[in-house]
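Subject: Handover of a structure and summary of findings

Dear colleague,

Please find below the structure that I am handing over to you.

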Amino acid sequence: MRGCLALLLALLAGPAFAQAVPPPLRGAWYAGDCADPAALLVLTARAAARLEAEAPSRLYRFATTTPLGAHVLGVGVGAEAPRLMFRAVPQGLETIEPDPKTRDDRLPGTAQPETWRRCAAPPPGLSLLHGEGVAFLAALEHLEAACGAGTPGACAAALIAQGDVSGDGRLSAAELARLMRGAAWLLAVQDGGAAETIAVSLGGGALAAILAARLLVESLDYDGDGRLSAAELLQDRAGGFAGAAGAEAGRALRLEGFAGGAELLRGLIEGLLAR
Ligand SMILES: [Ca+2]
């Protein structure tokens, strides 16, 4: 756990991130028929998640996004530095996933482009399976942005802002459990799980998320109202933590080494609070 926290802190202290996925391209894209899409692609400011029923999912957490000809080239964090090229086309979005062996100066190589469309309303099953996870993917970018630039208290405020569904300015056990389920989804997608694996992972993690959320509330809920405030999150942690200007400024934390969503979120919170 100590190693994880040290890693989190080191990564949070990294330089601001200048590039990002262009806003018009962000959001959910679908391959094939809107009533029964073959695949779902979610683009956030600094990430892409490709989700299919049968095939392994893919998660790109971009370290860089730079123009390359008519495309944007996103290069993900991690040892393999996975690459995703994308651009707007009349039908919607075009993506290319280059072969890992293709040199940067020969992109896109022989990889075939895929086209994606917007759909007014995704099939309910897709939302049910991926909704909380996609929300967490976006929330994580806001946390990385707020915690990366040194404004005291901004990190706790961002955690409250991202987690506070009810709008009372405090985090309940249910709100923390939601973040933990989202974190469990992220880990399952990062591990390349197909839809069934992700569903199993979420099912198995749901109870753990509730228990871990209750523990977290009880460990910091000094006024005993059953919810965590920004002040409680910051209690006795001199100096607070860092803040910045928006999700585009963040830098992708490494997510490896966490056993589950609850542990990931706990590590994240502890790492943020330790700053
Ligand atoms: Ca709340």
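Two strands are said to pair if DSSP finds at least two bridges between them. Strand E4 (residues 58-68) and strand E5 meet this condition, pairing in the antiparallel sense over six bridges. Within that pairing, Thr 64 has Val 75 in E5 as its bridge partner. Please note that the model is a predicted one.

Confidence

The average pLDDT of the protein is 82, and 80% of the residues score at least 70. Over residues 1-17 the pLDDT is below 50, and this stretch has 35 contacts in the model beyond near neighbours in sequence. Residues 238-246 also have a pLDDT under 50; for them the model has 34 contacts beyond four places in sequence.

The sheet

Eight strands form an open sheet in the order E1-E2-E3-E4-E5-E6-E7-E8, and their pairing is antiparallel. Strand E1 (27-31) and strand E8 (114-116) stand at the edges; each has a single partner strand, so one side of each is left without a neighbour in the sheet. From one strand to the next, the twist averages 30 degrees.

E4 and E5 form a hairpin with two residues between them, and Gly 69 in its turn has a positive phi of about 60 degrees. E5 and E6 form a hairpin with six residues between them, where Gly 78 in the turn has a positive phi of about 110 degrees. The strands E5 and E6 pair in the antiparallel sense over four bridges, and Leu 73 has Met 85 in E6 as its bridge partner.

The loop between strand E5 (71-76) and strand E6 (83-89) also contains Ala 81. Most residues other than glycine have a negative phi. Ala 81, however, has a positive phi, near 40 degrees. This residue, Ala 81, is partly exposed, with 13 other C-beta atoms within 10 Å.

Leu 93 stands opposite Trp 116 in E8. The loop between E7 and E8 holds Pro 108, which is joined to Leu 107 by a cis peptide bond with omega of about 0 degrees.

The helices

Which helices have axes that come within 8 Å and cross at roughly 90 degrees? They are helix H2 (residues 124-146) and helix H4 (residues 173-190). On the H2 side the contact is made by Glu 132, Gly 133, Ala 135, Phe 136 and Leu 137. The residues contributed by H4 include Arg 178, Arg 181, Trp 185 and Val 189. The residues of this contact of H2 with H4 divide into eight nonpolar, two polar and three charged.

Arg 181 and Gly 204 are 23 residues apart in sequence, and their C-alpha atoms are 9.9 Å apart in space. Gly 204 lies in helix H5 (residues 195-220). Is Gly 204 buried, exposed or partly exposed? Gly 204 is partly exposed, because 13 other C-beta atoms lie within 10 Å, while a buried residue would need 20 or more and an exposed one 12 or fewer.

Yours sincerely

Key
Residues numbered from 1 in each chain as written. Predicted model: local features only at pLDDT ≥ 70, side-chain atom pairs only at ≥ 80, totals over all residues. Axes fitted to C-alpha atoms, helices over the stretch in contact; angles between N-to-C directions. Contact = placed C-beta atoms within 7 Å. Nonpolar A, V, L, I, M, F, W, Y, C, P; charged D, E, K, R; others polar. pLDDT = per-residue confidence, 0-100.
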